[in-house]
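Please keep the structure open while reading them.

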Amino acid sequence: MSRRYVVHLPVVASDLAAAQRLARIIGRWLTPLPMTDPGETTVSEEDQQFLRHRVFCDLLLPGGRRRCLLRADHDGPCSRRLRR
């Protein structure tokens with residue numbers, strides 16, 4: 001089995017919602033890089049890193065090849081495109 005390493009990049013936000021927004025922005029910026037997996041992005045409080053909150057929905061879309069890029073708690077159907 002090959003080894004995989006995970007990069008933890010601490011950033012500071014004022015609350016959970018702001019941290020999730022920032023993580024979604026960073027995740028979407030990194031999507032073109034093949035070594036990234038934005039769908040697995042989570043955020044946590046600095047002193048409670050064991051309690052993580054998902055950022056992206058990441059459910060498989062029909063056809064099973066692509067994943068939803070909307071926030072984890074979105075309303076309505078999954079999508080690869082952002083809603084305005």
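1. The largest nonpolar core has five residues in all: Ala 19, Ala 23, Val 43, Val 55 and Phe 56. Keep in mind that this is a predicted model.

2. What does Val 43 touch, not counting residues up to four places away in sequence? Val 43 touches Leu 16, Ala 19, Gln 20 and Ala 23, and also Leu 51, Arg 52, His 53 and Val 55.

3. Helix α1 covers residues 16-30. Its 15 residues should span 21 Å at 1.5 Å a residue, and the end C-alpha atoms are 21 Å apart, so the two values agree. At the N-terminal end, α1 is capped by Asp 15, with a side-chain oxygen 3.3 Å from the backbone nitrogen of Ala 17.

4. Which residues of α1 are buried? They are Ala 18, Ala 19, Gln 20, Ala 23, Arg 24 and Gly 27. An α-helix has 3.6 residues a turn, so residues three or four places apart point the same way. The buried residues of α1 pack against β1 (42-45) and β2.

5. The segment after β2 (48-54) holds Asp 58. Asp 58 is not a glycine, yet it has a positive phi of about 65°. Its relative accessibility is 8%, so Asp 58 counts as buried, the limit being under 20%.

6. Leu 59 is also placed in the segment after β2. Leaving aside neighbours within four places in sequence, Leu 59 is in contact with Arg 66, Arg 67, Cys 68 and Cys 78. Between Leu 59 and Ile 25 there are 34 residues in sequence and 18 Å in space, taken from C-alpha to C-alpha.

7. How many disulfides does the structure hold? The number is zero. A disulfide is a covalent bond between the sulfur atoms of two cysteines. For Cys 68, the closest cysteine sulfur is in Cys 78, at 3.8 Å, and this is too far for a bond because the two sulfur atoms would have to be within 2.5 Å. For Cys 78, the closest cysteine sulfur belongs to Cys 57, at 3.7 Å, which is also too far for a bond.

8. Are Cys 68 and Cys 78 buried or partly exposed? Cys 68 has a relative accessibility of 1% and therefore counts as buried. Cys 78 has a relative accessible area of 29%, so it is partly exposed.

Notes:
Residues numbered from 1 in each chain as written. Predicted model: local features only at pLDDT ≥ 70, side-chain atom pairs only at ≥ 80, totals over all residues. Heavy atoms only, no water. Helix = DSSP H or I, 4+ residues; strand = E, 2+ residues; numbered from the N terminus. Buried < 20%, exposed > 50% of the residue type's maximum accessible area, 1.4 Å probe, protein only. Contact = heavy atoms within 4.5 Å. Expected span 1.5 Å × (residues − 1). Polar contact = N/O pair within 3.5 Å; in protein donor to acceptor, adjacent residues only side chain to side chain. Core = buried A, V, L, I, M, F, W, Y, C linked by side-chain atoms within 4.5 Å.
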